[in-house]
Amino acid sequence: MISYMTKKGAYMNLLEQTQQQIEKMILNKEYDENNYLPSEGELCKKFEVSRATVREAVRSMEVRGFLKRVHGKGLQVIDNSVKVMTRSIADMISLRDCDLSELIEVRRIIEVEAARLAADRADEQDLEQLRKSLAVMENTEVMDDNYYHNDLEFHVNLVKASKNNMLSAIVSAYTPLLWDVVVASSQTNYCIERRHHFHRDVYDCIVKREPDAAAEKMRIHLRATSENVETYQKNGERK
């Protein structure tokens with residue numbers, strides 16, 4: 001006799017597979033010109049699953065912000081492929097134990113090149129967002145939550161300024177972990193003016209449209225961040 005838990009496990013696997021198939025449809029833009037997916041009945045036939053499974057998969061994706069049920073019309077895609085991709089990457093990260101040093105290695109790969117691209121591609125709106133975060137940091141005398149938030153926003157907006165959706169998706173996926181890096185790198189004898197200097201240097205190079213210089217300044221900044229996180233972790237181990 002098949003146990004209840006076995007049946008439940010099989011159903012959850014089927015539900016997850018159905019969600020992944022719908023996400024794939026969104027990524028491949030398999031919807032009409034008004035962003036509507038095929039009907040639930042058509043999805044049942046396409047995926048060879050029950051209406052209950054499709055309905056539950058759709059409900060989950062509505063909650064996550066991918067779909068909207070429009071009365072009399074059907075299932076409308078309300079978000080683009082970037083969010084689907086971001087969610088997939090975030091799910092992969094959550095399944096693994098990633099420490100801060102690994103995250104900084106990833107940041108070096110991504111954000112150094114993002115700074116280079118931003119120096120070429122940033123528009124005035126991008127620069128304004130960077131200026132706002134920088135202004136808050138430069139007018140803050142202590143490293144509090146408001147400072148950390150604007151530090152984080154500076155990096156997220158810099159990647160957005162690269163105009164590369166793939167980079168933005170990856171950074172959005174690991175952004176929740178960035179808070180720990182920002183806080184950890186501030187827990188050492190780290191002069192707040194020096195921290196401002198790093199961000200200002202990167203920003204100035206972007207404004208001057210100097211891609212190589214922007215990349216190098218970001219590399220220097222992340223190297224210092226790595227050193228401070230390492231010091232913080234060693235101090236924690238000694239306590």
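Helix α7, which covers residues 145-160 of this predicted model, is built from 16 residues and reaches 22 Å from its first C-alpha to its last, close to the 22 Å expected at 1.5 Å a residue. Within α7, the buried residues are Y147, Y148, N150, D151, L152, F154, H155, V156, N157, L158 and V159. An α-helix has 3.6 residues a turn, so residues three or four places apart point the same way.

Some of these buried positions, including H155, L158 and V159, also take part in the packing of α7 against another helix, for H155, L158 and V159 meet R107, E111, A114, A115 and A118 of α5. By class, this contact of α5 with α7 has five nonpolar, one polar and two charged residues. Helix α5 spans residues 100-121, and its axis lies 8 Å from that of α7, the two helices packing at an angle of about 60°. That angle makes α5 oblique to α7, and the crossing of α5 past α7 is left-handed.

The C-alpha atoms of V159 and S172 are separated by 9.5 Å, with the two residues 13 apart along the chain. Whereas V159 is buried, S172 is partly exposed, because its relative accessible area is 38%.

K29, found in the loop between α1 (4-27) and α2, has a positive phi of about 55° although it is not a glycine, and K29 counts as exposed because its relative accessibility is 52%, where the cut-off is over 50%. R209, in the loop between α9 (192-207) and α10 (211-238), likewise has a positive phi, of about 60°, although it is not a glycine. For R209, however, the relative accessible area is 38%, so this residue is partly exposed.

Definitions and conventions. Residues numbered from 1 in each chain as written. Predicted model: local features only at pLDDT ≥ 70, side-chain atom pairs only at ≥ 80, totals over all residues. Heavy atoms only, no water. Helix = DSSP H or I, 4+ residues; strand = E, 2+ residues; numbered from the N terminus. Expected span 1.5 Å × (residues − 1). Buried < 20%, exposed > 50% of the residue type's maximum accessible area, 1.4 Å probe, protein only. Axes fitted to C-alpha atoms, helices over the stretch in contact; angles between N-to-C directions. Parallel < 35°, antiparallel > 145°, perpendicular 65-115°, else oblique. Left-handed = near helix turned anticlockwise from the far one by under 90°. Contact = heavy atoms within 4.5 Å. Nonpolar A, V, L, I, M, F, W, Y, C, P; charged D, E, K, R; others polar.
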